[in-house]
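Let's take a friendly walk through this structure. Have a look at it first, and then we'll go through the details together.

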Amino acid sequence: MKTLFIASLILSLSGAVYAAEPTAQQNKMKTCNADAAGKKGDERKAFMKECLSAKPAAEAPKLTQQDKMKKCNADATGKKGDERKAFMKECLSNK
């Protein structure tokens with residue numbers, strides 16, 4: 001009986017922790033709701049439908065190390081010595 005009580009307590013606490021973390025859909029709803037401030041009726045309904053069905057903007061693809069090296073090398077044109085070395089170090093370390 002004691003084990004059953006402890007197990008149910010652990011499950012209920014883990015559910016509370018899980019429920020506290022907002023989902024992407026909840027975040028989207030919150031943002032759209034804030035953007036719809038001042039709109040009423042059919043205008044708000046249409047706005048919310050459009051906002052909630054919109055796809056998130058695609059992230060820029062990450063550059064491969066080789067592509068990053070090419071870009072930094074091209075950007076370093078005209079730099080020499082320590083200046084070039086410092087620039088390349090900074091450029092290649094950026095994510």
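Helices (H or I, at least four residues) and strands (E, at least two) are DSSP runs, numbered from the N terminus.

Residues are numbered from 1 along each chain as its sequence is written, and side-chain values use heavy atoms, with hydrogens and water left out.

How confident is the predictor? On pLDDT (its confidence in each residue, from 0 to 100), the protein averages 82, and 83% of the residues score at least 70. Among the elements, helix α5 (residues 81-93) has the highest mean at 92, while α1 has the lowest at 65. Where pLDDT is low, the predicted coordinates should not be read in detail.

Now for what is covered up. Residues count as buried under 20% relative accessible area, as exposed over 50%, and as partly exposed in between (1.4 Å probe, protein chains only). Of the 95 residues in the protein, buried ones make up 9%.

Over in helix α1 (residues 2-20) you'll find Ile10. Ile10 counts as exposed because its relative accessibility is 54%. Together with Phe5 and Ile6, Ile10 makes a nonpolar surface patch of about 320 Å². Patches are made of residues with over 30% relative accessible area and no salt bridge, joining like charges within 9 Å and nonpolar side chains (Val, Leu, Ile, Met, Phe, Trp, Tyr) within 5 Å. The areas come from the Shrake-Rupley method with a 1.4 Å probe, and for residues only the protein chains shown count as cover.

What about charges? A salt bridge is a side-chain nitrogen of Lys or Arg within 4 Å of a carboxyl oxygen of Asp or Glu, and a search of the whole structure finds 1. Asp75 and Lys71 form a salt bridge with their side chains, at 3.0 Å from N to O. The two are 4 residues apart in helix α4 (residues 65-75), so about one helical turn separates them. Asp75 is partly exposed, at 38% relative accessible area, and Lys71 is partly exposed too, at 45%.

Charges also turn up over rings, meaning that NZ of Lys or CZ of Arg is within 6 Å of the ring centre and within 35 degrees of the ring normal. Here are two cases:

| Charged residue | Ring | Distance to ring centre |
|---|---|---|
| Lys39 | Phe47 | 4.8 Å |
| Lys79 | Phe87 | 4.8 Å |

Finally, back to helix α4, where Met69 lies. Met69 is partly exposed, with a relative accessible area of 37%. Met69 and Met88 are 19 residues apart in sequence, with 8.5 Å between their C-alpha atoms. For Asp75 and Met88, 13 residues apart along the chain, the C-alpha separation is 9.0 Å.

Methods
This is a predicted model: local features need pLDDT of at least 70, side-chain atom pairs count only at pLDDT 80 or more; totals for chains, interfaces and linings use all residues. pLDDT is the predictor's confidence in each residue, from 0 to 100.
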